[in-house]
Amino acid sequence: MKRRGDKEEFQKYCEENEERLRHMDADTYDVICTMLDMDSLFPKNKKLYDDEWEEYDMCTAVRELIKDGEKRGREQGRKEGEKRGWEQGEKRLGLLMEKLIKDGRQEDALRASRYAAARKRLYLEYGL
């Protein structure tokens, strides 16, 4: 528990104690999952045999937790990237429209609003 704030120390501890962590009794596993707020891992690893819970592999649980965190990180990064890209595209299009209108090129502005190829050509022309 004292290593939960330092992922490198926690990973080192898991590696050094892998054999012990691979064969954890159900009660210990349940307490650790509850204290670390890992309840989502507990049901995944429960296996019922003749009304007895088998031992648990905490190493697998930690790897699943890491995998879940990586997945959430990728999803969050994708969302932030899409948002940033959308904002940049909006800004770029706004600048293009402003320049075209200032230059009296309303027909080009209309074409740029309708056709991607026209926008691309005009972005190049205006260095946007």
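Trainee: Is leucine 95 buried, partly exposed or exposed in this predicted model?

Mentor: The place of leucine 95 is in helix H5, which covers residues 58–102. Its relative accessible area is 33%. Buried requires under 20% and exposed requires over 50%, so a value of 33% makes leucine 95 partly exposed.

Trainee: How far apart in space are leucine 95 and leucine 128, C-alpha to C-alpha?

Mentor: In sequence, leucine 95 and leucine 128 are 33 residues apart. In space, the distance from C-alpha to C-alpha is 8.1 Å.

Trainee: Which elements, from the N terminus on, make up the protein chain?

Mentor: The protein chain has 7 helices and 2 strands. Read from the N terminus on, their order is α-α-α-α-β-β-α-α-α.

Trainee: What share of the residues in the protein chain is buried?

Mentor: The protein chain has 128 residues. A residue counts as buried under 20% relative accessible area. Buried residues make up 22%.

Trainee: Which residues form the largest nonpolar core?

Mentor: This core has 8 residues. Helices H5, H6 (106–114) and H7 (116–126) each supply at least two residues of the core. Its members are Leu96, Met97, Leu100, Ala109, Ala112, Leu122, Tyr123 and Tyr126.

Trainee: Which residues does alanine 112 touch, not counting residues up to four places away in sequence?

Mentor: Alanine 112 is itself a member of the largest nonpolar core. A contact requires heavy atoms within 4.5 Å. With residues up to four places away in sequence not counted, alanine 112 touches Leu96, Met97, Leu100, Ala118, Arg119 and Leu122.

Trainee: Why do the buried residues of H7 line one face of the helix?

Mentor: The buried residues in H7 are Ala118, Leu122, Tyr123 and Tyr126. Seen down the axis of H7, these buried residues line one face because they fall within an arc of 135°.

Trainee: Which exposed residues does the face of H7 turned away from its buried side carry?

Mentor: Exposed means over 50% relative accessible area. On the face of H7 turned away from the buried side, the exposed residues are Ala117, Lys120 and Leu124.

Trainee: Which residue takes a positive phi just after H7, and what is the value?

Mentor: H7 covers residues 116–126. Just after H7 comes glycine 127, with a positive phi of about 65°.

Trainee: At what distance from the ring centre does arginine 92 lie over the face of tyrosine 123?

Mentor: Tyrosine 123 is one of the buried residues in H7. Arginine 92 lies over the face of its ring, and the distance from the ring centre is 3.6 Å.

Trainee: How many aromatic pairs does a search of the whole structure find?

Mentor: Two rings pair if their centres lie within 6.5 Å. A search of the whole structure for such pairs finds 0.

Trainee: Is aspartate 108 buried or exposed?

Mentor: Aspartate 108 lies in helix H6. Its relative accessible area is 11%, and the limit for a buried residue is under 20%. Aspartate 108 is therefore buried.

Trainee: Which residues does aspartate 108 touch, not counting residues up to four places away in sequence?

Mentor: One of the contacts is with leucine 122, 14 residues apart from aspartate 108 in sequence and 8.3 Å apart in space, C-alpha to C-alpha. With residues up to four places away in sequence not counted, aspartate 108 touches Leu100, Arg121 and Leu122.

Trainee: What arc around the axis do the buried residues of H6 cover?

Mentor: In H6, the buried residues are Asp108, Ala109 and Ala112. They lie on the same side of H6 because they cover an arc of only 100°.

Trainee: Which residues are exposed on the other side of H6?

Mentor: The buried side of H6 holds Asp108, Ala109 and Ala112. On the other side, the exposed residues are Glu107 and Arg114.

Conventions: Residues are numbered from 1 along each chain as its sequence is written. This is a predicted model: local features need pLDDT of at least 70, side-chain atom pairs count only at pLDDT 80 or more; totals for chains, interfaces and linings use all residues. Side-chain values use heavy atoms; hydrogens and water are left out. Helices (H or I, at least four residues) and strands (E, at least two) are DSSP runs, numbered from the N terminus. Buried means under 20% relative accessible area, exposed over 50%, partly exposed in between (1.4 Å probe, protein chains only). Rings of Phe, Tyr and Trp (its six-membered ring) pair if their centres lie within 6.5 Å; planes under 30 degrees apart count as stacked, over 60 as edge-to-face and the rest as tilted. A charge sits over a ring if NZ of Lys or CZ of Arg is within 6 Å of the ring centre and within 35 degrees of the ring normal. A nonpolar core is a set of buried Ala, Val, Leu, Ile, Met, Phe, Trp, Tyr and Cys residues joined through side-chain atoms within 4.5 Å. The arc is that of the directions from the helix axis to the C-beta atoms.
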